[in-house]
Amino acid sequence: MVTNPIWVIKTRLMSQVSRKATSNEARPPWHYRSTFDAARKMYRTEGILSFYSGLTPALLGLTHVAVQFPAYEYLKTKFTGQGMGKSVEGDDSAHWVGIFSASVLSKVMASSATYPHEVIRTRLQTQQRTMPSSTSEYVAFRGGLEGSETHGPTAIISKIQAGRRYKGLVMTFKTILREEGWRAFYAGMGTNMMRAVPAATTTMLTYEFVMKNLNDARAEGIQKSSAW
């Protein structure tokens with residue numbers, strides 16, 4: 001809840017088109033020069049609630065951890081015979097291969113199971129909470145993203161007049177499912193895997209390495225104290 005505003009600003013900055021771009025298609029009705037500029041403009045034009053757009057799916061994303069860590073410990077136990085944070089004595093290369101495999105597989109499983117919340121959160125975070133000053137800019141942006149056949153300018157203007165396109169977790173889910181199909185909930189998952197899997201694997205390998213050294217140091221300390 002504390003860091004959600006950072007995620008909203010990051011998503012806005014990632015989704016905007018540079019002013020230097022030659023084409024005006026898919027250009028959002030906002031442009032931010034920096035993080036602080038984005039925060040200032042969002043607060044001035046959309047209010048404090050804009051920083052908490054997508055908070056519900058973000059909290060729902062905590063289930064990612066509930067899948068990843070039990071899966072990791074189960075797989076590590078299967079591959080190495082040791083639970084999370086436990087290690088064998090000596091430098092066993094097979095042990096580290098098991099940790100690596102468990103890290104990769106558990107992250108892939110967790111990301112695949114919980115990825116739809118990322119799509120819903122992004123849709124909510126990139127949507128302005130108030131009417132843009134220029135309707136034509138908004139039409140160009142949404143039209144460029146969604147196409148002009150089934151979601152052309154006329155349909156988009158009617159949606160603007162009716163209110164914000166996405167309202168809440170359930171309505172956003174229904175809207176995406178109805179208009180784009182279930183595949184839309186997995187858009188960009190491959191790219192996300194390229195980022196998330198190496199990061200998670202590095203984290204778990206580092207954790208296990210540190211725990212191994214701490215356990216070895218503790219065992220060595222107990223041995224020396226008993227000898228004294």
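Trainee: At what angle do α5 and helix α10 pack, and how far apart are their axes?

Mentor: A word on the model must come before the answer. This is a predicted model, in which local features need pLDDT of at least 70 and side-chain atom pairs count only at pLDDT 80 or more, while totals for chains, interfaces and linings use all residues. Residues are numbered from 1 along each chain as its sequence is written, and side-chain values use heavy atoms, with hydrogens and water left out.

The protein contains 10 helices and zero strands (DSSP runs of H or I of at least four residues for helices, and of E of at least two for strands, numbered from the N terminus). Its pattern along the sequence is α-α-α-α-α-α-α-α-α-α. Of its 228 residues, 38% count as buried (under 20% relative accessible area; exposed is over 50% and partly exposed in between, with a 1.4 Å probe and protein chains only). Among contacts (heavy atoms within 4.5 Å) between residues at least 6 apart in sequence, 68% join residues at least 24 apart.

To your question: α5 and helix α10, which spans residues 189–227, pack at about 140°, and their axes are 9 Å apart (lines fitted to C-alpha atoms over the stretch in contact, with angles from 0 to 180 degrees between N-to-C directions). The two helices are therefore oblique to each other (under 35 degrees is roughly parallel, over 145 roughly antiparallel, 65 to 115 roughly perpendicular, and the rest oblique). On the α5 side the contact includes W96, I99, F100, S103 and V104; on the α10 side M193, A196, V197, A200 and M204 are among the residues that take part. The residues of this contact comprise 13 nonpolar, five polar and three charged (Ala, Val, Leu, Ile, Met, Phe, Trp, Tyr, Cys and Pro are nonpolar, Asp, Glu, Lys and Arg charged, and the others, Gly among them, polar).

Helix α5, residues 93–114, also meets helix α4, residues 63–80, where the axes come within 8 Å and cross at roughly 150°. These two helices are therefore roughly antiparallel. Their contact is made up of 10 nonpolar, 11 polar and two charged residues.

T80 belongs to helix α4 and is buried, with a relative accessible area of 17%. Beyond its neighbours within four places in sequence, T80 is in contact with H95, G98 and I99. The side chain of T80 also reaches the backbone oxygen of K76 at 2.6 Å, and a polar atom of that side chain lies 3.2 Å from the backbone nitrogen of Q82. E73, likewise located in helix α4, counts as partly exposed at 37% relative accessibility. Although E73 and S103 stand 30 residues apart along the chain, their C-alpha atoms are separated by 9.2 Å. With neighbours within four places in sequence left aside, the contacts of E73 are G83 and M84.

N4 lies in helix α1, residues 4–15, and is buried, at 5% relative accessible area. The residues that N4 contacts, apart from neighbours within four places in sequence, include F51, Y52, L55 and Q125. A polar atom of the N4 side chain lies 3.0 Å from the backbone oxygen of F51.

Notes: Polar contact = N/O pair within 3.5 Å; in protein donor to acceptor, adjacent residues only side chain to side chain.
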